[in-house]
Amino acid sequence: MRYDAGEVITAMVTPFNEKREVDYEKVESLAYLLANTGSDAVLVTGTTGEAPTLTYDEEIEILCSAKRAVNKQAKVIMGTGSNSTETAIRTAKLAEKNDADAILSVVPYYNKPSQSGMIEHFSAVAESVNIPVILYNIPSRTGVNMSVDTVKTLARKYENIVALKQSFGDMDTITELKSACPSDFTIYSGDDSLTLPMLSLGAHGVISVASHLFGKEIKSMIRNFKTGDAMTAKNMHMKLYPIFKKLFMAPNPVPVKAALAYKGLIEEYVRRPLVELTKAEKAELIFTLDSI
């Protein structure tokens, strides 16, 4: 395998205070907690980290804070994607300069590039850095799907394009990716509820939201599946499935921030245009959380 970021990567929220400023102390305490509760790596400044609302300076300080906190107990990956290729390159270079272990680069959103445009975009990003690059395909947010042929082309051309986060529930695509891409190219589920099905088709693990709260349980599900105890893995999947779905009852990361606030770990504040859960929504979420 070219690069192994681990089986459980937590797409970490960015804690804010009541003024909606980044709470760097909470960034450190949360990253430390995740590194000690099942996460092999933490991903900062991704969608769950509300990257579209962060400044460059905030992104770099979040990366550095997380790196200090985990103290090599877990890898730290930085989300550096953009719908501007030049911006994506700039942020990727900043991530490398500040010792990110890898970067996550999303399919450009809103401008909906063609497949050849995606190849040019990710080629430029990969050529700009020497650290590992994880591609991120999430058609529900970007408006366009990255094809198997595009992933195959990039994975075969660039040694540092090492993995794909796939947030798209088509299991045939996973089969086709495993057949088309190099054997050492890693596939991660981008949705907690799809982790077990994707594992059965050769995925390596998950870039998770629920692992903020159930990292050890998700890790055990993956380990049990890979060591041949599929029934125990299935039972854990079934146990966690209600919270997998409830954490997306409102736009991510609003529900997981509310859940973490309920646990006393961070404040629930999000940056506009996101808004916090209503009292009724919060009660529904907490009921599910307490039922696990």
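The model is predicted, so local features need pLDDT of at least 70 and side-chain atom pairs count only at pLDDT 80 or more, while totals for chains, interfaces and linings use all residues. Residues are numbered from 1 along each chain as its sequence is written, and side-chain values use heavy atoms, with hydrogens and water left out. Helices (H or I, at least four residues) and strands (E, at least two) are DSSP runs, numbered from the N terminus.

- β1 pairs with strand β8 (residues 205-208) in the parallel sense over three bridges; two strands count as paired if DSSP finds at least two bridges between them.
- On that side, I9 stands opposite I207 in β8.
- β1 also pairs with strand β2 (residues 41-44), again parallel and over three bridges, and here A11 stands opposite L43.
- To get from β1 to β2 the chain goes through helix α1 (residues 24-35), and this β-α-β crossover is right-handed; that is, with the strands pointing away from the viewer, the path from the first strand over the helix to the second runs clockwise.

**K26 on helix α1**

- K26 is found in helix α1 and counts as partly exposed, with 24% relative accessibility.
- Leaving aside neighbours within four places in sequence, K26 is in contact (heavy atoms within 4.5 Å) with P15, L265, I266 and E267.
- The C-alpha atoms of K26 and D191 are separated by 25 Å, and the two residues are 165 residues apart along the chain.

**N137: a buried polar residue**

- N137 is found in strand β5 (residues 133-137) and is buried, with a relative accessible area of 0%.
- The side chain of N137 makes a polar contact with the side chain of N145 at 2.8 Å.
- A polar contact here is a pair of N or O atoms within 3.5 Å; within protein, one must be able to donate a hydrogen and the other to accept it, and residues adjacent in sequence count only if both atoms are side-chain atoms.
- The N137 side chain also reaches the backbone nitrogen of M146 at 3.0 Å.
- Not counting residues up to four places away in sequence, N137 touches V107, V144, N145, M146, L164, K165, Q166 and S167.
- N137 and V107 are 30 residues apart along the chain, with their C-alpha atoms separated by 5.9 Å.

**T142 in helix α5**

- T142 sits in helix α5 (residues 139-142) and is buried, at a relative accessible area of 3%.
- Its side chain reaches the backbone oxygen of V144 at 2.9 Å.
- Among the residues that T142 touches, not counting those up to four places away in sequence, are V106, P108, Y110 and K112.

**The largest pocket**

- The largest pocket has a volume of about 650 Å³, where a volume is the space filled by probe spheres set on grid points joined across faces, edges and corners.
- On a 1 Å grid over the protein atoms alone, a pocket is an open set of points where a 1.4 Å probe fits, with protein on both sides within 12 Å along at least five of seven lines; lining residues have an atom within 4 Å of a point.
- Of the 27 residues lining this pocket, T47, A51, P52, G81 and Y109 are the closest to its centre.
- The elements giving two or more residues to the lining are α2 (56-70), α3 (85-97), β4 (102-106) and α5.

**Backbone details**

- The peptide bond from N252 to P253 is cis, with omega near 10°, and P253 lies in the loop between α10 (230-246) and α11 (254-262).
- Another cis peptide bond joins R272 and P273, with omega about 20°; P273 is in the loop between α11 and α12 (279-291).
- E50, in the loop between β2 and α2, has a positive phi near 60° without being a glycine, and it counts as buried at 2% relative accessibility.
- N71 is not a glycine either, yet its phi is positive at about 50°; N71 lies in the loop between α2 and β3 (75-79) and counts as exposed at 58% relative accessibility.

How values were computed. Buried < 20%, exposed > 50% of the residue type's maximum accessible area, 1.4 Å probe, protein only.
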